[in-house]
Amino acid sequence: MRDGFGLDGLNLLPSSAKFQAKRVKWQKGVRVYLWFLGILWLVLVVVTALWWLIVKYGLVNLEKKYQGVLASYKLLAGEAWENEKLKYKTKVVGEMLTGRFEYARTIKKVGELFPNQRIRINDFELANKKKFLVKGEIDDGPNVDELERRILEINRGESELFSRANLLSLDLAGLIWNFQMEVELK
Amino acid sequence: MREIEKWQLRLLLWPVVLTGIFLVFVVKIIWPKIEETNSQLKLAEEVKQKTKSVAERINYINLVDQKALAENESNVSAALMPDKSPYWLVMLANKVGENFGYSLVSFSVSPGVVGEEKEGGGKQEVRATLALSGPKGKYIDLLWTIENSLPIITVNDFKMKSAGEVAEVQLSLTAYYLPKKEGTDLSKLSLKDLVLEAKEAELLGKLAGLERISGVEIASPSGQGVRYERENPFML
């Protein structure tokens with residue numbers, strides 16, 4: 001049963017009493033609200049301040065630790081710069097060697113064109129960094145077959161060093177066969 | 001709708017005012033403090049990362065064998081020209097030639113831009129063209145040694161003429177000079193700037209196996225001219 005109301009829901013209190021009851025009810029509500037607001041305020045202030053203090057303290061400690069580590073690192077400055085210099089110079093040297101064409105290595109490969117000593121290379125010219133114009137001589141007829149066999153072998157892809165060979169000319173001068181061919185490196 | 005009475009308004013005044021003050025307090029004091037704390041948290045994370053990074057660098061430096069570091073530094077420095085003078089390059093090639101019975105026939109150099117050396121600049125090309133004459137049977141060895149010694153010399157162009165057993169080789173060469181570089185600010189140096197990659201370590205191994213061309217001396221210019229007090233012959 002609500003205060004001031006009968007069992008049948010009728011308001012039996014006089015109007016001033018009704019007013020007082022309403023006023024008290026309102027005052028109670030406002031008090032509760034103000035308490036709630038005060039507590040919320042306090043909690044907010046305490047939590048924020050604590051959080052701020054904890055973070056600040058942690059940061060100060062981390063900064064101290066960092067300064068300590070940095071100080072020991074500064075003691076190793078010489079070694080650090082040596083390592084940096086080495087890395088930098090190695091990078092530069094690496095760049096210098098990237099894509100560098102090595103004539104000697106390539107010419108040595110051309111020297112391996114004919115393992116048979118009776119086919120001699122007298123001269124060669126680089127058409128480009130992959131293609132050679134080779135001039136040579138052969139002592140006798142059977143070795144001309146050897147030259148042709150070698151060209152076939154290269155063109156069949158059986159050579160590890162050369163990808164293509166092309167016989168440009170073959171002349172007989174006395175007992176010596178002079179030839180001119182084009183060879184491409186792999 | 002029921003009208004609000006005066007006493008009710010008076011009663012609600014304090015909660016409304018205090019709520020307003022509370023909101024102003026939250027917006028003006030609490031919220032900025034929360035933001036400040038958040039930025040401090042971010043800062044703390046950055047400091048943590050920086051500490052970790054510096055500690056990693058210290059560990060790496062402590063792990064590096066100082067003797068090996070010095071050897072590698074010596075080899076990689078030897079791969080570069082000790083002087084940016086192209087005459088050095090000519091002298092080096094000539095020195096190699098002498099070892100194979102070759103002698104210098106002619107040379108040409110382009111000194112490039114003459115001026116102050118720019119510290120910390122990138123690599124500088126040193127170019128020279130020269131002709132050497134000597135035994136034909138040794139030209140591959142000559143070329144091989146030039147290309148596989150320290151300092152590293154790149155043969156840009158190679159031509160050979162032979163007459164009997166004598167060959168004349170024409171070489172266009174390039175080597176590189178690296179101006180001195182000051183150490184980077186330590187705090188800006190990352191672990192990546194110190195640690196050698198696998199291919200770089202492999203390259204250093206390769207350099208260690210190369211022979212150095214030694215015995216080449218070139219007088220460094222003193223920069224002092226000699227003044228001869230001669231009379232101008234056109235004014236006589």
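This is a predicted model: local features need pLDDT of at least 70, side-chain atom pairs count only at pLDDT 80 or more; totals for chains, interfaces and linings use all residues.
Biologist: Now the aromatic rings: how many aromatic pairs does a search of the whole structure find?

Modeller: Over all chains there are 8.

Biologist: Why is the pair of F101(A) and Y103(A) called edge-to-face?

Modeller: Two values decide that. The ring centres of F101(A) and Y103(A) lie 4.8 Å apart and the planes stand at 90 degrees. A pair needs centres within 6.5 Å, and planes over 60 degrees apart count as edge-to-face, so this pair qualifies as edge-to-face.

Biologist: Are F101(A) and Y103(A) buried or exposed?

Modeller: Buried means under 20% relative accessible area. F101(A) is at 15%, so F101(A) counts as buried, and Y103(A), at 3%, is buried too.

Biologist: And what makes Y87(B) and F107(B) a pair?

Modeller: Their ring centres are 6.3 Å apart, and with planes at 90 degrees the pair is again edge-to-face. This pair links distant parts of the chain: Y87(B) belongs to helix α3 (residues 86-99) of chain B and F107(B) to strand β1 of chain B, 20 residues apart.

Biologist: Why are Y87(B) and F107(B) called partly exposed?

Modeller: That class runs between 20% and 50%. Y87(B) has 40% relative accessibility, so Y87(B) falls inside the class, and F107(B), at 42%, does as well.

Biologist: Which residues form one aromatic cluster?

Modeller: F101(A), Y103(A), Y139(B) and F158(B) do, with members from chains A and B.

Biologist: On to the sheets. What is the strand order in the chain A sheet?

Modeller: It is an open sheet of 4 strands in the order β1-β2-β4-β3, with antiparallel pairing.

Biologist: What makes β1 (119-126) and β3 (162-173) of chain A edge strands?

Modeller: Each of them pairs on one side only. Neighbouring strands of this sheet are turned by 20 degrees against each other on average, direction ignored. Helix α4 (residues 141-155) of chain A packs on the sheet, touching β1, β2, β3 and β4 (176-185), and its direction makes about 160 degrees with that of β3(A).

Biologist: How do you know that β1(A) pairs with β2(A)?

Modeller: Strands pair if at least two bridges are found between them. β1(A) and strand β2 (residues 131-138) of chain A have 7 bridges and run antiparallel. In β2(A), G136(A) is the bridge partner of I121(A).

Biologist: And what is the strand order in the chain B sheet?

Modeller: This open sheet of 4 strands has the order β1-β2-β5-β4, with antiparallel pairing. β1 and β4 of chain B have a single partner strand each, so one side of each is left without a neighbour in the sheet.

Biologist: How many bridges join β4(B) to β5(B)?

Modeller: Strand β4 (residues 153-163) and strand β5 (residues 166-177) of chain B are joined by 10 bridges and run antiparallel. D157(B) stands opposite S172(B) in β5(B). The two strands form a hairpin with 2 residues between them, and G164(B) in the turn has a positive phi of about 65 degrees.

Conventions:
Residues are numbered from 1 along each chain as its sequence is written. Chains are lettered from A and ligands numbered from 1 in the order in which they are written. Side-chain values use heavy atoms; hydrogens and water are left out. Rings of Phe, Tyr and Trp (its six-membered ring) pair if their centres lie within 6.5 Å; planes under 30 degrees apart count as stacked, over 60 as edge-to-face and the rest as tilted. Buried means under 20% relative accessible area, exposed over 50%, partly exposed in between (1.4 Å probe, protein chains only). Axes are lines fitted to C-alpha atoms, for helices over the stretch in contact, and angles run from 0 to 180 degrees between N-to-C directions. Contact means heavy atoms within 4.5 Å.
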